[in-house]
Amino acid sequence: FFLIASILTIVSFQNFEPILVSLFFLLIGILLIFLKNIITNGKNIDFSYFFFIFSAMYTAVGIGAFFYSYLGDKVNLVDALYFYDMSVSSDFKGDTPAEIRTFTEGSLVLFIWIKIYDFFNSFFFEKEIYIGLLSNAFCIALSGIVAISSSRLLYGQDSFKEALLIFLISFNGIFLLFSGVYLRDAYIILALAIIYHSWIKYFTSPSFLTLIYLFLINFSFTFILPYMRFEYGLIPIFLTLLALTLILLFKNTDETKNPKRGYIAFFLFIFSLAGYYYYSEIFLNIFALSDGVEYISATDLLTSGREGYQEGTQGEAAANSFGLFLTNLPIYLQVFLMPLYMIFFPMPFWGGFESGSAYGFFKSINVLQMYIFIPLLILSTWQLIKRKVETNLGIMFNHSVFYVFLMAVALTSGEGRHLGGFWIPAYLAALSLDFNNLEIKSSYASIFNVLMFLILGAHLLWLILKIIVLVI
């Protein structure tokens, strides 16, 4: 992968500097993993995992550059063009995330990009887009290492499950998209991976120290996330309420009655109230706009955001496709059908490959992975419901996070890439399966065959409708 990515970037950017920058990020990643292994007694194989994921994301950088340089892809995402221009513009003013936030959302990520570009520019590197993209690839690779740590907390040292997790992360089309297109979401994924890890660490090893660690991580990111994507500041609060529900309703199979369960629940409840109060305050401050508008309601904000993203979603959905049909349905139908659209878009799956756009290309890669992964998720969910796996609050937490935020995204933006931050808990949830069990393998094959039958039927229906349109 690394060799392929290097060739692609050399050909696309017509210089060797991307290789030097990629080696720099690799070195930083190796140093961070080395420190992690010293502190946590980690495994040396993590170096290989990091290198594999980073190489896959580096390849995405090369693919995106190739589309841009040779296939005329202008990356028609407003976010991508806007953030890159602001990252390298000498006219842009803003020395801190707080100052930058007066100009744009996602100010912390933009601040980091600006500092990275200034750093490389001090060594006479031009402020080319590949620098920012490689920093995104670096964040995804680090997220993978954090996810591996979470997997070990849940399932111990299982080489097959770790290899499967690395495969899923490396070939997730949305993660590849965040590396190949100039978007802030790679940093958000890393932040969310750390938050998930704090909860899993507490669920698997409940103690006063892990509770303090949990509090510090979630409290910190309640402040940090609004500077990445404003509405994501609510995620630590929602996760706390979700975990609170699980703690009160369930307990681990091997857990004796915890006499402090009520105290823990009370502590988490107070945190969620304090976090919401803080979030409400910055909500009012951010949207006290300079043009005299003193207040905008959360409902109006989400509605306007949904309409804006829906326009973009409709623009991505090719004419005569199921995607365009679904985006025009009433919201009470979209709540059931939009999750399917976000997971299995584009329909047909080759639509992205024919689009001539890196964005569409990565979306098509993603849907191909979903054909393989979703049967695993369905089976693991069914096993959990039937209590055929050991009751584990960490596993239940991962399932709950994915399904809750799947519906949340469906009801707001309806944009598949906004699911990117929630694929890691979905992957961790699916790893709860016993892959050595013949019954599990047989059940997976059955679910996979049913899904392929439905997918094939949907594609045949699309083909028939297209033929009818052409004939008429």
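Guide: Begin with helix H20, where Ile-440, Leu-451, Ile-455, His-459 and Trp-462 are buried. The model is a predicted one. H20 covers residues 438-471, which is 34 residues. From its first C-alpha to its last it reaches 49 Å, close to the 50 Å expected at 1.5 Å a residue. An α-helix has 3.6 residues a turn, so residues three or four places apart point the same way. With that in mind, look again at Leu-451, Ile-455, His-459 and Trp-462, which are among the buried residues of H20. At the start of this helix, the backbone nitrogen of Glu-439 has a side-chain oxygen of Asn-437 within 2.7 Å.

Now turn to the aromatic rings. Over the whole structure, a search finds 40 aromatic pairs. One of them is formed by Trp-113 and Tyr-187, and it is edge-to-face because the planes stand at 90°, with the ring centres 6.0 Å apart. This pair links distant parts of the chain: Trp-113 belongs to helix H6 (residues 107-121) and Tyr-187 to helix H10 (residues 185-204), 74 residues apart. Trp-113 has a relative accessible area of 0%, so it is buried. Tyr-187 has 8% and is therefore buried too.

Another pair is made by Phe-167 and Phe-171, with centres 5.2 Å apart; their planes are at 45°, so this pair is tilted. Phe-167 is partly exposed, with a relative accessible area of 36%. Phe-171, at 27% relative accessibility, also counts as partly exposed.

Asn-172 lies in the loop between helix H8 (159-170) and helix H9 (173-180). Its relative accessible area is 0%, so Asn-172 is buried. If neighbours within four places in sequence are left aside, Asn-172 is in contact with Asn-366, Gln-369, Trp-423 and Tyr-427.

Ring pairs can also join into a group. One cluster linked in this way includes Phe-2, Phe-24, Phe-25, Phe-50, Phe-51 and Phe-54. Tyr-58, Phe-119, Phe-120, Phe-123, Phe-125 and Phe-138 belong to that cluster as well.

The ring of Tyr-155 has the charged end of Lys-161 over it, 4.4 Å from the ring centre. In the case of Tyr-232, the charged end of Arg-229 sits over the ring, 5.5 Å from its centre.

Definitions and conventions: Residues numbered from 1 in each chain as written. Predicted model: local features only at pLDDT ≥ 70, side-chain atom pairs only at ≥ 80, totals over all residues. Heavy atoms only, no water. Helix = DSSP H or I, 4+ residues; strand = E, 2+ residues; numbered from the N terminus. Expected span 1.5 Å × (residues − 1). Buried < 20%, exposed > 50% of the residue type's maximum accessible area, 1.4 Å probe, protein only. Polar contact = N/O pair within 3.5 Å; in protein donor to acceptor, adjacent residues only side chain to side chain. Phe/Tyr/Trp six-rings, centres within 6.5 Å; stacked < 30°, edge-to-face > 60°. Lys NZ or Arg CZ within 6 Å of the ring centre and 35° of its normal. Contact = heavy atoms within 4.5 Å.
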